[in-house]
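The exercises below concern the packing of secondary-structure elements.

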Amino acid sequence: MSAVPARAKIVIIGGGVGGTSVAYHLAELGEKDVVLVDRNELTSGSTFHSAGLVGQLRADPTLTLMNMHSVDLYRKLQATDTPPSWRECGSIKLASTPERMQEIRRQIGWAKSFGLDLHEISPQEAQNLFPLIDLEGVVGACYMASDGQVDPSQLAMALAAGARKNGVQIFTHTRVLEIKTINGRVSSVVTDKGEIECEIVVNCGGMYAPQIGRMVDVRIPIVPMSHQYLITDNFLAPDAPFLPSLRDPDNLIYFRQEVSGLLMGGYERSSKAWSADYNNIDDIPADFNSMLLPDDWDRFYDIAEASQKRVPKMAEVGIKNFINGPEGFTPDNEFCLGETSVGGFYVAAGFCAHGIAGAGGIGKVVAEWIVAGEPTMDLWHMDIKRFGASYESPDFTLQRITENYEEYYDIHYPGEERKSARPKFTSPVYDWHKANGAVFGEKASWERVNYYSTNKGNEDLRPKGWLGKHWSSAVQVEHLATRTAAGLFDESSFAKARISGARAGEFLNFVCANNVVKGVSKTVYTQALNSKGGIESDYTVTQIGENEFMIVTGTAFATHDFGWLEKMRREFSYDNVEITNITRELTCFGIMGPNSRAILQSLTNTDLNHTAFPFMSSQEIDLASLKVRATRITYVGELGWEIYAPVANGLALWSALIDAGKDLGLIPCGYRAIESLRLEKGYRAWAGEINTETNPFEAGLGFAVSLKKEDFHGRAAAVAAKENQSRKLVAITFDDVTSVPFGSEPIRIDNKIVGRIKSGGQGYTINKAIAYAYLPTEHSEPGTRVDVELFGLWSSGVIAAEPLFDPENSRIRS
Ligand SMILES: Cc1cc2nc3c(=O)[nH]c(=O)nc-3n(C[C@H](O)[C@H](O)[C@H](O)COP(=O)(O)OP(=O)(O)OC[C@H]3O[C@@H](n4cnc5c(N)ncnc54)[C@H](O)[C@@H]3O)c2cc1C
């Protein structure tokens with residue numbers, strides 16, 4: 001077909017596995033008015049030169065479920081008249097270090113909660129399945145029978161055929177030149193074959209996605225990186241059993257059988273961004289389709305050497321083909337999915353060399369997202385809105401991508417911090433922190449204090465296993481000081497927005513589940529719900545004027561939460577409401593603990609007693625001769641205030657607070673202490689225990705939903721969720737404070753897997769390890785004994801009544 005239609009509801013740009021899968025799934029969901037365009041042939045981007053390995057198990061449960069869908073789909077497509085050469089050959093992962101074996105055992109543990117057929121095998125069993133391997137240094141292995149391989153081009157063709165069958169029109173050699181918008185929403189796509197008026201555009205441009213994003217001023221943080229593999233001559237006996245694919249991540253290599261030879265690739269320690277021009281690292285030449293990059297043997301040398309050690313035959317056989325192909329990588333090796341800041345402009349790109357394994361699942365979740373207008377499962381890790389402002393810089397993006405590519409196969413331990421492109425955003429007290437022994441972590445490009453190394457605590461509390469690696473006893477000291485005296489926390493990175501305009505209150509009461517308009521100086525904790533009643537955001541709203549409000553949310557959630565507010569404003573026509581991100585204008589310090597009032601009172605004439613300055617209220621006051629906003633609130637379960645001040649006054653204010661607290665036991669504390677304190681008190685964290693897939697009632701946040709309000713977004717679903725609760729978030733405690741789960745571990749009751757851990761940590765006041773999990777309501781009673789698998793061993797815990805600390809709230813209301 002040559003001329004494009006003048007109108008279509010949905011236009012997909014890109015005919016690789018991403019675009020064809022989105023098209024396939026949209027059609028399957030009944031969307032008939034869909035057009036897919038590609039500037040060249042289908043599969044002529046990264047797809048045609050892919051290695052085609054399909055592994056399901058990933059560090060992220062959502063991604064694992066998506067890959068499981070891919071396998072189901074590829075099996076199904078294999079039975080059609082356009083089969084993608086799906087071969088369910090199984091896969092082996094080798095552990096060449098004891099740490100990798102721990103990772104494998106941990107993965108086997110949580111694979112159980114998905115019903116995945118992953119099990120441990122001995123080195124000898126691995127060799128029986130893949131006889132070419134040398135077992136030198138192999139500690140152990142695991143095997144998954146349902147993994148496999150597929151022909152990537154045939155896969156895209158099979159998906160395209162399925163889409164066409166259900167009405168999708170596909171136009172090749174049709175280049176998108178421009179995307180038009182009206183009032184912040186896409187309105188049409190201009191191609192070299194004509195203009196298509198449309199409601200939705202899906203950017204499935206792979207490594208070309210940033211170029212396409214620029215057409216609507218949307219920054220997509222993807223950089224094409226060179227990725228290489230080789231194919232040997234045929235040497236396997238024709239009657240030999242087909243080999244499973246093999247990964248040896250400690251040696252950075254992977255293999256699969258290709259005809260009767262081997263395909264071998266890996267992740268080099270010296271990565272290379274491919275670009276036409278370094279100043280435009282994500283620009284791709286107009287004619288770059290069906291092309292490869294020149295062989296780069298220098299960078300591949302170490303990989304080739306490692307492959308010969310693991311599979312000695314590699315040193316003997318000839319090489320038939322060497323592939324160096326570019327592939328779009330993101331700064332955290334997760335996909336880049338979802339609706340962008342432009343209404344109706346979606347992206348599904350940046351598949352980081354696992355797009356063939358992911359394509360089925362990606363197509364499904366993105367199609368569902370488009371049809372429902374919001375994600376149908378928790379996709380936060382893949383949501384384009386997880387990227388903060390710093391990713392506007394291509395150079396910053398590249399530094400992060402380089403670090404990630406080179407550590408692709410490394411084991412990532414809890415509490416590990418990024419190394420590249422730091423420091424980026426700092427608080428006005430950064431130098432003070434540094435001079436006083438701060439150990440920093442990074443969140444959304446902000447340097448934040450994790451803890452102060454000068455605080456020395458009890459080393460016996462170091463958790464066993466991985467959690468112990470980046471653990472510090474300082475956290476216990478800071479935790480206990482906050483409970484017994486006072487802790488001072490630099491929370492300047494909190495994301496903050498001002499919402500103003502004559503209809504600001506009306507707008508916020510529509511977006512938020514709680515009643516957030518309670519009068520000037522009142523602060524309210526609330527969630528914003530999606531139409532399924534899932535928690536889209538979780539924050540506090542303070543009314544600071546008749547028509548003016550301040551929202552404070554987590555450091556990493558500015559783009560996501562304020563983007564959701566923008567979307568609501570646009571879609572529900574609250575035209576005169578203004579949403580301004582004021583994160584960089586205000587510093588914020590939390591002073592928490594029983595002595596916080598006395599410390600603050602010594603610096604102000606404003607009466608801070610409980611009646612004059614009640615819990616969940618906010619006032620502008622003079623503090624240490626500086627004008628600040630003080631909000632009485634806590635995320636650690638103690639009497640306390642958050643103090644907001646212009647950034648320019650930050651250091652003076654911090655110093656005054658430190659001085660005033662000296663004789664009252666105040667110490668500076670970091671974010672790790674906040675985590676421990678809030679887990680103990682049962683305060684929820686978005687992207688921790690709560691997300692778009694969980695509703696407030698099952699999460700124990702029903703108290704923050706005002707069903708008295710007749711209308712708010714997601715209300716009908718919230719009412720239904722309240723009446724029909726099939727699962728509940730529970731707290732589980734373990735007497736051994738050093739046996740600490742930290743996420744995804746399977747939970748067993750009466751020998752049956754009933755769920756998996758969401759989050760975990762140590763509670764230093766109650767002196768227990770703590771975890772949170774959603775369990776079926778019938779298994780959620782306090783007192784129920786549960787077993788949780790930690791690295792292959794079952795630990796016994798108990799469901800405990802919440803909150804674990806100060807159930808009367810006497811601390812916060814004192
Ligand atoms: C060497 C190598 C090995 C790999 N091995 C594996 C593996 O073993 N397993 C695995 O799961 N993944 C693997 N991958 C990754 C996988 O191949 C990719 O993730 C996947 O193919 C990306 O698909 P896509 O649809 O996002 O992008 P592409 O296939 O690049 O498709 C994008 C399309 O957009 C089109 N386009 C761009 N701009 C425009 C425009 N303006 N107008 C119209 N059309 C446009 C392009 O022509 C292109 O066809 C590998 C990748 C490489 C490079």
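A crossing is left-handed if the near helix is turned anticlockwise from the far one by less than a right angle, and right-handed if clockwise. This is a predicted model, in which local features need pLDDT of at least 70, side-chain atom pairs count only at pLDDT 80 or more, and totals for chains, interfaces and linings use all residues. Residues are numbered from 1 along each chain as its sequence is written, and side-chain values use heavy atoms, without hydrogens and water.

**Exercise 1.** Describe how helix α1 packs against helix α5.

Solution. Step 1: locate the helices (DSSP runs of H or I, at least four residues, numbered from the N terminus); α1 covers residues 17–28 and α5 residues 152–165.

Step 1: their axes lie 8 Å apart at an angle of about 30°. Angles under 35 degrees count as roughly parallel, and α1 and α5 are therefore roughly parallel to each other.

Step 2: the crossing of α1 past α5 is left-handed.

**Exercise 2.** Determine which strands form the closed barrel.

Solution. Step 1: follow the order β33-β36-β35-β34-β37-β38, six strands (DSSP runs of E, at least two residues). Their pairing (at least two bridges found by DSSP) is antiparallel.

Step 1: inspect one pair. Strand β34 (residues 746–749) is joined by two bridges to β37 (residues 785–790), and I747 stands opposite V788 in β37.

Definitions and conventions
Axes are lines fitted to C-alpha atoms, for helices over the stretch in contact, and angles run from 0 to 180 degrees between N-to-C directions. Angles under 35 degrees count as roughly parallel, over 145 as roughly antiparallel, 65 to 115 as roughly perpendicular and the rest as oblique.
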